[in-house]
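The sequence and structure come first.

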Amino acid sequence: MELKNKNVLITGSTRGIGLAIAHKFASLGANVILNGRGEVSEDVLAEFKGYPVKVFAVTGDVSDSADAKRMVEEATLAMGSVDVLVNNATCNCWCSFEECKEDIMRNVFYTNYILPQYMIKAALPYMRQSHNGTVVNLVSIAAIQPRARVSTYSAAKAGLEGLTRTLKA
């Protein structure tokens, strides 16, 4: 896939793995749309000055479906399109299945399986209309090689992998 001048929206991209992903796309010539729950700092934006790409920041909470829709709309208005959506936001809990409290189970499953769907549902109509678009859902080796102390995370990531394959079909 040619990435030069493609517009890539990466959730949770103001730090950590998401920020590293944004740098990689920028190094390949893709325009990046950074996302975080809080304002994207000038320091983070300055990190992209060395790339010959456009950078746009959209603040919003991926746990709110209306906010997900607004973020995609803002990014599309500002950049012209969202060609690639990278669902990066995640959380985990290190406990056995028996020890894991229900509220933590719900949060881990919700964050890793449901939240990406909000962003996909927001971006997909634009992608289908333009007959162009790629969705990248970050999963984990735990989806196919489950670990005992991350059972809910493993199940959620396996579900997300299944959803990703279904969308491709």
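## Largest cavity

Helix 5, residues 151-168, contributes the most to the lining of the largest cavity, with 3 residues.

The volume of the largest cavity is about 40 Å³. The model is predicted, and the count of cavities of 30 Å³ or more in it is 2.

## Second largest cavity

The second largest cavity has a volume of about 30 Å³. Around it lie T11, V62, N87, N88, A89, L115, P116 and M119 as lining residues. Helix 4 gives the most to this lining, with 3 residues.

The lining of the second largest cavity has 5 nonpolar and 3 polar residues, and no charged ones.

## Packing of helix 3 and helix 4

Two packed helices are described by the angle between their axes and the distance between the axes. For helix 3 (residues 65-79) and helix 4 (residues 102-130), the angle is about 35° and the axes are 8 Å apart. The crossing of helix 3 past helix 4 is right-handed.

On the helix 3 side, the contact is made by S65, A68, K69, M71, V72, E73 and T76. Their partners in helix 4 are Y118, M119, A122, A123 and Y126. The contact residues comprise 8 nonpolar, 2 polar and 2 charged. M119 belongs to this contact and also to the lining of the second largest cavity.

Definitions and conventions. Residues numbered from 1 in each chain as written. Predicted model: local features only at pLDDT ≥ 70, side-chain atom pairs only at ≥ 80, totals over all residues. Heavy atoms only, no water. Axes fitted to C-alpha atoms, helices over the stretch in contact; angles between N-to-C directions. Helix = DSSP H or I, 4+ residues; strand = E, 2+ residues; numbered from the N terminus. Left-handed = near helix turned anticlockwise from the far one by under 90°. Contact = heavy atoms within 4.5 Å. Nonpolar A, V, L, I, M, F, W, Y, C, P; charged D, E, K, R; others polar. 1 Å grid on protein atoms, 1.4 Å probe; cavity = no way out; pocket = protein on both sides within 12 Å on 5 of 7 lines; lining within 4 Å. Points joined across faces, edges and corners; volume = space filled by probe spheres on them.
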